[in-house]
Amino acid sequence: MQNPNRHIYSFGQYSVDVAERQLLRAGESVALPPKVFDTLLVLVENCGRILEKDVLMNKIWPDSFVEESSLAQYIFQLRKALGDDASEHRFIETIPKRGYRFIAPVQAELGTPTPLLHAHGSAVVTAEYLPQTTPLVAIAMPTVPVRTNFRSPLKSFTAAHSPSSSLVPFQSKWRLINTGWAAMMSVTVLAALIVGGIWLTRNYADARITPTPVQITKLTSTGRAIAPAISPDGKYVIYIADDLGKQSLWIRQTETLSNVQILAPADVSFQGLTFSPDGNYLYYVIYKMPKHIGVLYRVPILGGTSQKVLEDVDTAITFAPDGQRFAFVRQYPATLETAVVIAQTDGSNEQKLATRKSPKMFAIDGLSWAPNGELIAVASSNTGATGPSMQLVGIRVKDGGEECLSAKAWGNLKQVVWRNDGRGLMVIGWQQSAAVMANQIWYIPYPDGEPRRVTNDLINYSGLSLAADTGKVVTTQSTKVSRMWLVPENDVAQATQAASVGIDNFSEKLGLNWLSNGKLIYGSRASGNADLWLMDADGNNQKQLTVDTTLEGQPTVTADGRYIAFLSNRAGTYNIWRMNADGSHLQRLTNGPWENTPSFSPDGKWIVYNGVFQEKPVLWKIPAEGGTPVRLTGDVSIRPAVSPDGKMVAHLHLDAQSQRMKLAVVPMEGASQVKMFATSIPEPHIVNWSPDGRMVTYVDTHDGVSNIWGQPLDGSPSKPLTHFKSDNIFRFAWSPDGKKLACERGFYINDVVLISNFS
């Protein structure tokens with residue numbers, strides 16, 4: 001079947017090719033997520049008309065329930081892609097309290113029929129006509145705990161609660177390690193780690209889910225509100241405002257616009273907020289120096305003096321129904337244990353209710369005491385033949401025993417909240433068997449029943465708090481906005497934006513690298529699935545290199561450009577694969593569990609990667625032509641990168657003494673002697689060599705701004721190599737000649753919403 005005549009809509013320097021579902025700027029493709037393109041198409045096809053929000057949402061999501069903020073986020077992304085001026089919109093006009101209107105003159109025309117080409121390996125497949133709406137294929141990442149007992153507050157990374165807020169950086173004794181792994185430690189401290197890119201990609205078997213009749217109301221619009229808590233009567237919401245690395249507390253009424261700051265911005269890190277059962281006090285956990293542990297305080301909600309309640313608390317607390325006790329999770333780095341602990345409301349009479357040892361750990365994203373007082377629900381990590389997963393368990397208050405609260409295996413499971421009637425729980429996460437790209441809100445019936453989704457969109461959710469008297473819930477929505485940048489000679493003043501490569505919430509897990517011909521290879525979900533793509537350094541001539549229903553990402557390239565090695569789960573497990581530069585001659589090189597983050601030696605003879613040894617992530621190497629793997633390290637070590645001279649492998653290594661993940665190098669030949677530096681690497685955990693091989697480079701964030709830093713091999717202090725003044729860096733790569741830096745920069749929009757009318 002041939003393509004029909006292609007409808008093309010033109011406005012300014014832009015055109016919309018309906019059949020190929022492309023936005024073009026001066027003839028060059030501008031990548032848009034599928035639903036953002038749908039939004040543009042509906043607006044353009046109705047140019048000059050005011051489209052009410054309800055009408056627009058029904059056209060974009062005809063079979064799903066979504067809330068208004070999703071539409072607002074897509075409009076925001078669309079305006080960014082079109083370069084629409086914030087003060088004077090040239091294309092999309094907002095009609096207050098009504099909807100939107102496309103105001104630029106649009107010319108419609110018919111194009112000539114052409115085949116749609118997709119590269120798949122070495123073959124070129126002629127595709128038939130593509131429908132105007134394509135199903136969203138979601139990507140999931142198994143959450144995996146990693147042994148990293150980092151007892152220090154972790155700064156916000158601008159998206160303190162972002163996908164990776166899910167990938168949420170948080171203040172914890174143990175730093176999460178993004179590697180795709182299960183070095184097995186606490187789950188949310190570790191679960192959000194999602195080591196280096198181990199992801200699951202599957203189509204939904206339950207795509208046609210009956211929309212849940214809920215109402216979602218946006219409570220903030222600053223883009224920097226996180227970790228909300230709602231009062232028992234549902235009248236007040238307290239949240240954290242995160243701005244340039246400083247955090248403050250705000251309170252607002254749910255029924256009015258009243259919004260008041262109750263704690264001024266300070267260089268502190270909050271871990272959790274909880275109202276007392278009577279609604280008179282706020283309990284909050286804050287990480288303080290120099291002890292690097294969480295301290296629980298309480299303060300009257302209308303202001304007053306904060307009172308210290310208890311030290312060494314690693315989660316928001318949850319109160320017993322009678323209000324006489326509370327529970328929390330505490331981590332014990334020295335013994336690699338976590339425990340559910342209960343205490344009186346004044347902090348006295350502590351009692352360890354249940355203890356778990358790595359790799360089976362309790363999560364620290366939040367636990368919840370059941371309304372009947374008999375169980376405390378908490379997420380926990382688990383390992384099995386299919387890889388790392390999470391479970392929802394109930395800890396019996398009478399004896400500390402465990403009960404399974406959900407038979408499903410979860411790829412990620414974060415906050416847990418009991419419904420006030422005790423008939424079910426609300427959780428944030430994704431299922432291992434039906435993975436989603438974003439953390440969504442689910443309802444799990446109790447004592448039994450199938451989990452069902454409350455939300456169904458591209459937004460990431462983090463944090464749940466329930467108003468016991470009304471059943472209303474507050475949570476944080478996070479949306480990522482980013483673009484690829486090209487920086488010549490490390491001079492950010494000359495940095496230029498490349499064409500958009502799609503908005504991938506977890507792009508730091510998908511990888512970015514240079515080819516010897518000056519092109520970039522990167523992982524992207526622009527097609528709706530995680531695949532490898534090629535493009536010119538300026539973002540032009542984007543081409544999909546792999547086409548598969550699984551995940552492809554984390555590309556590494558030989559110096560001569562002959563081979564590409566990458567992560568793929570096309571065989572059902574996460575392994576290292578190799579192919580020619582044109583996508584031909586695919587070969588699976590490894591077959592162990594949870595393998596990821598490959599790095600070629602400069603001569604192209606070896607690939608170093610992460611694999612498992614005694615249930616720990618360690619470094620391995622394997623001949624590029626295939627063969628027997630050789631282990632390089634025995635202790636927890638992740639994110640390998642081979643030096644330009646091929647003699648050393650930089651990576652992150654667990655320091656046994658400090659229990660922190662530190663920058664380190666090990667000889668390529670393998671040795672027991674690992675050289676560690678004082679530098680501890682924050683998220684995203686990306687390690688690259690400088691082109692001259694004199695430094696190991698990584699991303700660090702100060703005052704809410706990310707830059708590339710370099711750690712000299714001589715052990716002298718690390719130093720910044722770029723000097724950006726805004727945004728975060730999600731992934732980066734140096735060109736082979738060292739003259740250019742490619743990096744993805746952007747930010748997350750985090751706002752608090754209220755969910756009501758949930759049945």
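Me: Is arginine 419 buried or exposed?
Reply: This is a predicted model, and in it arginine 419 has a relative accessibility of 12%. The cut-off for buried is under 20%, so arginine 419 counts as buried.

Me: Which residue does arginine 419 meet in a salt bridge?
Reply: Aspartate 421, with N to O at 3.3 Å. Aspartate 421 is partly exposed, at 34% relative accessibility.

Me: What about lysine 509, which residue does it form a salt bridge with?
Reply: Glutamate 508, and the closest N and O atoms are 3.6 Å apart. Both of these residues are buried. They also belong to one network, joined by salt bridges that share partners, together with Lys480, Arg731 and Glu744.

Me: How many salt bridges does the count come to?
Reply: 25. Another one of them links glutamate 403 and arginine 396 at 3.7 Å, N to O. Glutamate 403 is partly exposed at 29%, and arginine 396 is partly exposed at 23%.

Me: Changing topic. What is the strand order in the open sheet of four strands?
Reply: 22-23-24-25, with antiparallel pairing. Strand 22 (318-319) and strand 25 (351-357) are at the edges with a single partner strand each, so one side of each lacks a neighbour in the sheet.

Me: And how many bridges pair strand 23 and strand 24?
Reply: Eight, between residues 325-332 and residues 337-344. Arginine 325, for instance, has glutamine 344 in strand 24 as its bridge partner.

Me: Last one: how many residues of helix 1 are buried?
Reply: 11 of the 12, so helix 1 is largely enclosed by the rest of the structure. The buried ones include Pro34, Lys35 and Asp38.

Key: Residues numbered from 1 in each chain as written. Predicted model: local features only at pLDDT ≥ 70, side-chain atom pairs only at ≥ 80, totals over all residues. Heavy atoms only, no water. Pairing = 2+ DSSP bridges. Helix = DSSP H or I, 4+ residues; strand = E, 2+ residues; numbered from the N terminus. Buried < 20%, exposed > 50% of the residue type's maximum accessible area, 1.4 Å probe, protein only. Salt bridge = Lys/Arg side-chain N within 4 Å of Asp/Glu carboxyl O.
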